[in-house]
Amino acid sequence: MKPRRAAVFLSLVAALTLRAEEPKKAAAPAPPFAIRVTLLGTGNPRPSMSRFGPSILVEAATSPPTRILVDAGRGAALRLFSIGGRDLLAGIDLVLLTHLHSDHVVGLPDLWLTGWLFGRASPFSLKGPEGTAALMAHLEKAFEFDVRVRRDIDERLPGKGAEVDAREIPPETAVGISGVKISAFAVEHGPVKPAYGYRIEFAGKSVVLSGDTRYSENLVAHAKGCDVLVHEVVAPEAERRHAQVRDRAAIQRIIDHHTTPEDAGKVFAEVKPGLAVYSHIVPSPAVEKDLVAPTRRTYSGPLAVGYDLMSISIGERIAVEKRAAAVE
Ligand SMILES: [Zn+2]
Ligand SMILES: [Zn+2]
């Protein structure tokens, strides 16, 4: 696509998607993609039926497709099953964890065990920062009873599918899976260390996922030239109204460990992504006016406010649509 046509298309994408609410009608089918990014949950610890916990599915068009899940917040297994049935629920090749805050990992036992129950015959594979192996070892202990009963007595499922292969990777590490390149890099989530972002590349296309961070120079360096940048955001005034804690100092600490729309705009202006997308929206009830207007003070390029099941196909062009439910 010629640059001018691409620019026109992207401003159309931005115009169509600059809304906090999801579109009423599904868009036309997306074109073929090298990478497809689906926001399974765009929320945070707050229980919300419209914004599930943080979890992003990244599919690469390898043959067969490679499916990577970045974080497994509340409802990740529900979303995977709803869009892709048992094949997707049981077919995640790798889980990447950004950090160990509960909102990012609370869906792991569901994904691990229900994925096994629905057909995964190979070990549940994860990579993440220091602490990932201990987290999974404790979960294996916690669910020993279920694994033993379903493996040895009741369903007699293959034991391999209940095994866990959890690897801790240092920051600034590149790992590969089926020709897909994954780079982990450190971000700045205040005292919550380590915290990672990830860059995922395939067939010359790329997506960068910020994880939880405030403004991060390292993220800017790693995100340069990416097609799509999915970034977290906190709307300070809305957070003061909706935060789960009432102590003002505690609310300020939460705000300080995340990225304001103005700062996210600075990141986008430096990175110049093909499309910038907000996910992990704090607080969940924040609406477009809390997010978009302040971003526009520092950034004028393509921008979309994410919603659950927003899917971004990265191919010859970048296309946004809502993934339809395949299973009730
Ligand atoms: Zn979080
Ligand atoms: Zn966090």
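Predicted model: local features only at pLDDT ≥ 70, side-chain atom pairs only at ≥ 80, totals over all residues.
On strand β12 (residues 275–282), β11 has another partner. The two run parallel and are joined by six bridges.

Strand β11 covers residues 228–234. Seven of its seven residues are buried, so the strand is largely enclosed by the rest of the structure. In a regular strand, side chains alternate between the two faces of the sheet. In β11, Val228, Val230, Glu232 and Val234 point one way. Leu229, His231 and Val233 point the other way. Residues of both sets are buried, Glu232 and His231 included.

A helix pair was also examined. Two packed helices are described by the angle between their axes and the distance between the axes. The axes of helix α2 (residues 76–89) and helix α4 (residues 108–117) come within 12 Å and cross at roughly 25 degrees. The angle is under 35 degrees, so α2 is roughly parallel to α4. The crossing of α2 past α4 is right-handed. On the α2 side, the contact is made by Ala76, Ala77 and Leu89. Helix α4 contributes Asp110, Leu111, Thr114 and Gly115. By class, the contact of α2 with α4 has four nonpolar residues, two polar residues and one charged residue.

How values were computed. Residues numbered from 1 in each chain as written. Chains lettered and ligands numbered in written order. Buried ≥ 20, exposed ≤ 12 C-beta atoms within 10 Å, placed from the backbone. Helix = DSSP H or I, 4+ residues; strand = E, 2+ residues; numbered from the N terminus. Pairing = 2+ DSSP bridges. Axes fitted to C-alpha atoms, helices over the stretch in contact; angles between N-to-C directions. Parallel < 35°, antiparallel > 145°, perpendicular 65-115°, else oblique. Left-handed = near helix turned anticlockwise from the far one by under 90°. Contact = placed C-beta atoms within 7 Å. Nonpolar A, V, L, I, M, F, W, Y, C, P; charged D, E, K, R; others polar.
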